[in-house]
Amino acid sequence: MGQLKFALITEGISEHNIIKHILQRYCCKEPIINQLQPQVIDNKQRTIGGWSEVLKYCEREGDLQEALRNNDYIVIQIDTDMCETSPFSVAKQENGRMLTEIELWNKVAERLLSAIPDSIDKSRIVLAISSDIIECWLLPIFCTNETTKKKNFGCLNQLNAELRRNNLHPITDKNSNQAQRTYRIILKLIKKRNDIKKCADYHYGFNMFLQQLSNITD
């Protein structure tokens, strides 16, 4: 298979860099990455980000059609921490019971795909749904405790505690240059495809992202 082109819709620059790193290291031939939302130029976020902007972009039929003319696939990344907020509006409970990670992933996936116009080829959409924030995916990379690696809440606080223990700058402003340096330090610890697969085993959303990529690249 030739060099693939991926267009990215992410919540922000940190999410962009994490998804970009995974794509570059997991795909057998390093892909071309084109960021759609938010705009990232010279490793700086130039336009507003956030989950609401991700949802808005999913509805932009013309922009999505243009993206698929110029790219093989579109990756849509979104966190679930704010999924109950309107207009995201995906409940984390059903009949008084908290949804499982799998159930929540499926509901968020349905929400994203339903927002995309029917004219768009949804077989070329790849979903990167992180529960509860994408920093949860980083815990297995940087933490040694097995229970900590599986956490899907309070992940940024947990990650910052580990960073401080290793005399590294904690992540306070996720869009800052200092934060981006910290993310790069963490991501350098997963250089090979198998390293990424091992980390993904701890988080359903991460694993589902890799499964979709494997269907494309294997």
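Let's start inside the protein: helix H10 has Gly205, Phe206, Met208, Phe209, Leu210, Gln212, Leu213, Ser214, Ile216 and Thr217 as its buried residues. Buried here means under 20% relative accessible area, with exposed over 50% and partly exposed in between (1.4 Å probe, protein chains only). That makes 10 of the 14 residues of H10 buried, so the helix is largely enclosed by the rest of the structure.

Before going on, a word about the model. It is a predicted one, where local features need pLDDT of at least 70 and side-chain atom pairs count only at pLDDT 80 or more, while totals for chains, interfaces and linings use all residues. Residues are numbered from 1 along each chain as its sequence is written, and side-chain values use heavy atoms, leaving out hydrogens and water.

So what covers the buried residues of H10? The cover includes strands E1 (5-9), E5 (73-79) and E8 (125-130), along with helices H1 (13-26), H4 (101-115) and H9 (193-200). Helices (H or I, at least four residues) and strands (E, at least two) are DSSP runs, numbered from the N terminus. Contact, by the way, means heavy atoms within 4.5 Å.

Now zoom out. The protein has 10 helices and eight strands. Its radius of gyration, taken over C-alpha atoms, is 17 Å, close to the 17 Å from the globule rule for 218 residues, so the protein is as compact as a globular protein of that length. That rule is 2.2 Å times the number of residues to the power 0.38. Buried residues make up 50% of the 218. Among contacts between residues at least 6 apart in sequence, 64% join residues at least 24 apart.
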